[in-house]
Amino acid sequence: MTVRSGPGGLAMRVPLRASRISWYLLCAVLGVSMLLPLLWMLSIALKSGPDVNRIPPQFLPHEFQWSNFVDGPKMVDFYRLLANTVIVTVLSTIGSVVSSMLVGYGLARIKFRGRKFWFYAFTASIFMPQIVGLIPLQRLWIDLGLIDTWVPLIVPSFLGAPIFVFLARQYFLAIPFSLDEAAKIDGAGHLRIFWSIMIPLTRPVWITIAILSFQLSWNDYLNPLVYLQSAHRFTLSLGMAGFVSDSAGQATSQYNLFMATNLLYMLPPLLLFFFAQRHFMQGIGALGMNSK
Amino acid sequence: MTATGVASTASVDRGARTRARRRSGAVRAFLTGHLFILPGILGLGLLVVYPLVTSGYHAFTDWNGLTPAKWTGLKNFRYLLGHDPTFWPSVRATLLFVVITVPAMLAGGLALAVLVNRSLRGVRIFRTIFYLPVVLPSIAVMALWKYVYDPQYGLANQVLKTLHLPTSMWVGSTRMAMPAVVVVGLWGVGSTMMIFLAGLQAVPAELYEAAQVDGAGPIRTFFRITLPMLTPILLLQVVLQMNAAFQTFNQIAILTKGGPGTTTDVLMYKIYSDGFKNYLSTPQLGYATAEVWMLFLIVMVVTAITLRFSSIWVYAGEGDK
């Protein structure tokens, strides 16, 4: 569902003006304290080395040292990490969308023996903790000789993540069945119906799945940590985690470089969020409410 | 659910030929159906059934990944429950983390959702601000907070100093490490806020109108109407948030590495330490698998209890939709 501005509900009877002012004040205080760490990070990212080490620390930089955004990324080979992450994320996202839409269609629109069984099996597996799979799968990928490649990070997303399958199925169920009947009379098969009728009609749900899958993959740390060993194959999460543990406890003067790089790492999801905000909200609503 | 029976009107004709055709249609549907869900079936086999079965076996073995696993019966579990000096502290850390995080995420999210469920100018900006931390990559967030907690240069102590409050060692102190880790998680309270907000807006306006007619004040309206209407979403959130909290890893891995001592050594991190960290030397895979099953068991039991007692507080709605 879309998040719209709802009717005021609770606050109607409090005197209007006082209530509004206190509302704005409260929101502003909360908003600033939530943003504070980010603003602080931005400030450090712009500070010069001696500025970072000043005691007592100052909130604002003395002068803007833009070169941090060049020198920082250089220290961790940022652009290679970025390229690796983009490859893994894009392929995973494609895999998630394609597989969950296919499976969701099969479960929702084709009547066949056993579909209930599979639906329950998929839905139940939503609740299996990821950690249960980690050791056996790592061993499996080692035996297959695919450890330290991106295959273990990408292939699973082509196998229909249960939560996305669930979302897709729910959406497919809401589409009138008269549409496929008409198409079937015209001689269209399921693949044809899926591709030319359903995909355009289900745009909101596959965009939602794409966004969620992008986030999952971009932010994933545990899987790359377990599957990747050579630095030149690392994703950003691994590279940045290494960067922070290098910086910690040592020369704090590196922190401006680290924060500048960290900002660049945050940028793609942020941009995606601002450009696709509506779909983000839809995704959240879908995940939180589809309990039935 | 939408009715799916449109096709059944076609079965007026009861000729043998139609029946045969229908059967071949059923076979075809069976095949096409399974073809469509094939990725899911493979996924279920590879990512769910296979790990469950093999780890079910390996939990009872001595296994280092190099030589074949050796069946040792209950030895892993006996050591785990009776001798491992870090197991019970780890369970304690895990439960403590869950018990603080989950209620705080739910209460905080609900409070924020109520706060921004108004049609005032600028409300969208505040919603976006509150949600913003959720969008950021978790490692980036953890790295940022690691520096926030730096005793000398960090923002946390800077703020405390300006407020003339005592400063802290944060993740370096036994007392503050766990609260510090929890606070980082709560920075992402925007996720539950958004879900509750969607739920709040789905509450029918007539209910509020009726309450107003009956002269109910805002607090009464909240506890008698809003909250009961939200309970189904709340239940799902309790289950999902608990699941997530039990599997918290990134926060610990970046901020504390389980320390100081065992204060933040949650089970997820302990499993990782035992099973993966010493990857090149001697991973204790059998033992780590036994720990995985303990964690899995705890999650299942807690979830089952939550669901079992949910009918007491969850509003079931009027009739099944």
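Author: Fine. A:Leu257 is found in helix H14 of chain A, which covers residues 255–275. Bear in mind that this is a predicted model.

Reader: Is A:Leu257 buried or exposed?

Author: A:Leu257 is buried, because 26 other C-beta atoms lie within 10 Å and the cut-off for buried is 20 or more.

Reader: What is A:Leu257 in contact with, leaving aside its neighbours within four places in sequence?

Author: A:Asn68, A:Asp71, A:Gly72 and A:Met75, once those sequence neighbours are left aside.

Reader: Now A:Gly104. Which helix has it?

Author: A:Gly104 sits in helix H4 of chain A, residues 78–109.

Reader: Why does A:Gly104 count as buried?

Author: A:Gly104 is buried because it has 30 other C-beta atoms within 10 Å.

Reader: Which residues does A:Gly104 touch, leaving aside neighbours within four places in sequence?

Author: With those neighbours left out, A:Gly104 is in contact with A:Val165, A:Ala168, A:Arg169 and A:Phe172. As for A:Phe280, 176 residues away along the chain, its C-alpha atom is separated from that of A:Gly104 by 20 Å.

Reader: Step back to the whole of chain A. How many helices and strands?

Author: Chain A has 15 helices and zero strands. Of its 292 residues, 42% are buried. Taking contacts in chain A between residues at least 6 apart in sequence, 78% join residues at least 24 apart.

Reader: What are the figures for chain B?

Author: Chain B has 15 helices and two strands. Buried residues account for 38% of its 321 residues. Among the chain B contacts that link residues at least 6 apart in sequence, 67% are between residues at least 24 apart.

Reader: What about the dimensions of chain B?

Author: The C-alpha atoms of chain B fill a box of roughly 85 × 70 × 35 Å along the principal axes.

Reader: Let's look at a helix pair in chain B. At what angle do H4(B) and H9(B) cross?

Author: At roughly 50 degrees, with the axes of helix H4 (residues 87–116) and helix H9 (residues 190–201) of chain B coming within 8 Å. That angle makes H4(B) oblique to H9(B). The crossing of H4(B) past H9(B) is right-handed.

Reader: Which residues make that contact?

Author: H4(B) brings B:Met105, B:Leu106, B:Gly109, B:Leu110, B:Leu112, B:Ala113, B:Val114 and B:Val116. From H9(B) come B:Thr192, B:Met193, B:Phe196, B:Leu197 and B:Leu200. The residues of this contact divide into 11 nonpolar, two polar and no charged.

Reader: Last topic, the contact between the chains. How many residues does each chain give?

Author: Chain A gives 83 residues and chain B gives 85 residues. On the side of chain A that touches chain B, helix H1 of chain A (residues 16–46) gives the most, with 11 residues.

Reader: And how do the residues on that side of chain A divide?

Author: Into 55 nonpolar, 20 polar and eight charged.

Conventions. Residues numbered from 1 in each chain as written. Chains lettered and ligands numbered in written order. Predicted model: local features only at pLDDT ≥ 70, side-chain atom pairs only at ≥ 80, totals over all residues. Helix = DSSP H or I, 4+ residues; strand = E, 2+ residues; numbered from the N terminus. Buried ≥ 20, exposed ≤ 12 C-beta atoms within 10 Å, placed from the backbone. Contact = placed C-beta atoms within 7 Å. Nonpolar A, V, L, I, M, F, W, Y, C, P; charged D, E, K, R; others polar. Axes fitted to C-alpha atoms, helices over the stretch in contact; angles between N-to-C directions. Parallel < 35°, antiparallel > 145°, perpendicular 65-115°, else oblique. Left-handed = near helix turned anticlockwise from the far one by under 90°.
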